[in-house]
Every structure is written in structure tokens, then in C-alpha cells.
Amino acid sequence: MHPDVAALLAVQDDDIIIHDIETTLAGLRPRLDAMAAERDRAVSSREQARKIAASEERRRQEVAARVSQHRAIFEKNQAALNHVTSMREAPAATAQIEQAKRMIDEDELELASIGRHLAEANRLVSERERIASELDGVQAQARDSLAADQARLEDSLRAARAVRDEKAKKVPRALLSKYDRIRSRKRVHAVFALRGGSCGHCDTTIPMQRRSIMLTTGAPEICEGCGMMVYVTE
Ligand SMILES: [Zn+2]
């Protein structure tokens, strides 16, 4: 194998390592995004529960205020009945008392129902508060561990790039830039061995004439089928 090709293959090995590290690094982002989305969902469902509980509490206060009003009316009517002097006024006063009592009974029923809704709403609030805060704890750990992974991968990436740059100095500039051009089209592998007279990547036959040039010079050729670099192994 021509020493230039061997030097280029060493660079390609490093580039594959670099590509793997970059892929792993890029994979951390969706995990962070997924955690943020999960946290947003937990927070918004906790806020929704708090809103429902607050509105039940407002209703409870409204009805409680109405109960005190109705009790005041009831007491006033009762006091009025105590001062009724004629038998003619008594039925009207009694009817008023009965009406106030009915209103109070209805209020109490409504209060009891609101009380049940409020208890359920409050239970939901504490449950969702607990879920959100547990998630915070779990995610804090996961974020720390992801940040550590990220730092470690960035270190490896820097080191791998330094090694690669050093090896790249041993490859002739024209050959290296040809290789870089192929890789810049989102290729991981750019250099393939000739296999039985064909491109090791796409199996297109390399014409006899070009093959004999490759054998003479040892220089790689670009495959007409796939645009990859093909080299002779002997
Ligand atoms: Zn090919």
C-alpha cells in the first residue's frame, strides 16, 4: 500500500472515532429536551390542579357568606315572631321563618357538595406537587450525570481532534482536501479498498486502464459510481 494511502487511512480511522463521539454528544440534547418537556407537563398539571382548588375555595366562601346572610334573616324573623302580638300576624311570620330555614338547608347541602369537591381538588394538588417535586429531584441527578457525560465527551473530542490533526500532516495536501471534500457531503467513510477490480463501497467496476494507473502510482482514484476514494491494497 502506498504510504500516502496508509497515512490517509489512519486519518480516516480517527475521523470515524471523532464522528462517534460527536454522535454521542448530539444524542445528549434530545434527552435534556425530553426532561424539560416532562418537567413542563408536571408543572402545568400541578398549576391546573391549583387553579381548580382555588376556584372551589372561592365558591365555598361565596356560599358560606350566603349562609350567614340567610342565618341573619332567620334570626331576625324569629325575633319578629317573638314580638308578634296578634294571631293575625303569626302565620306570615312563621312562613318567613320556614322559608329562611329552607334556604339555609339548601345552602348547607351545597356547602357539603363543595366541601367534597374541594377535598378532592386539594388531594389532587398535593399529589401533583409531590410528583413535580420528586421529578425535580430525579432530574437534578440526571442533569448532573448528563453534564458530566458531556464534559467527558468534549474532552475526548478535543483530544481526538488533536491526534487527527497531527496525523493529517503526513497526508499530502491535495489528497487530504479531496478526502475532506467527500466527507463534507455527510460521509463517515470516504476511502475504500479496491475489491476484485471493483469499488469496495458500491461494487462498480473500475476500468482496467485506471486500475493499472492505480497499481503503478499507488494513488487512489475516485469511483465513478459513488464518488468515494478507492485505493489498491497491494
Ligand atoms: Zn463506488
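Four strands form an open sheet in the order E2-E1-E4-E3, with mixed pairing. Strands E2 (198-199) and E3 (221-222) are at the edges with a single partner strand each, so one side of each has no neighbour in the sheet. The model is predicted. Its protein is divided into domain 1 (15-170) and domain 2 (177-231), and the C-alpha centres of these domains are 63 Å apart.

**Strand pairing**
- Strand E4 (residues 229-231) pairs with E3 in the antiparallel sense, over two bridges.
- Glutamate 221 is opposite valine 230 of E4.

**Nonpolar core**
- The largest nonpolar core has 16 residues, of which Leu8, Val191, Met228, Met229, Val230 and Tyr231 touch the most other members.
- At least two residues of this core come from each of helix H1 (3-82), strand E1 (191-195) and E4.
- Apart from neighbours within four places in sequence, methionine 229 has contacts with Lys178, Tyr179, Ile182, Ala190, Val191, Pro220 and Ile222.
- In soluble globular proteins, nonpolar side chains tend to be buried together.

**Helix H1**
- H1 consists of 80 residues and spans 120 Å from its first C-alpha to its last, close to the 118 Å expected at 1.5 Å a residue.
- The buried residues in H1 are Val5, Leu8, Val11, Gln12, Asp15, Arg46, Ala53, His70 and Asn77.
- Helix H2 (90-168), helix H3 (173-183), E1 and E4 are among the elements that cover these buried residues.

Definitions and conventions: Residues are numbered from 1 along each chain as its sequence is written. This is a predicted model: local features need pLDDT of at least 70, side-chain atom pairs count only at pLDDT 80 or more; totals for chains, interfaces and linings use all residues. Two strands pair if DSSP finds at least two bridges between them. Domain bounds come from an automatic or database domain assignment. A nonpolar core is a set of buried Ala, Val, Leu, Ile, Met, Phe, Trp, Tyr and Cys residues joined through C-beta atoms within 7 Å. A residue is buried if 20 or more other C-beta atoms lie within 10 Å of its own, exposed if 12 or fewer, and partly exposed in between; C-beta atoms are placed from the backbone. Two residues are in contact if their C-beta atoms, placed from the backbone, lie within 7 Å. The expected span of a helix is 1.5 Å times one less than its number of residues.
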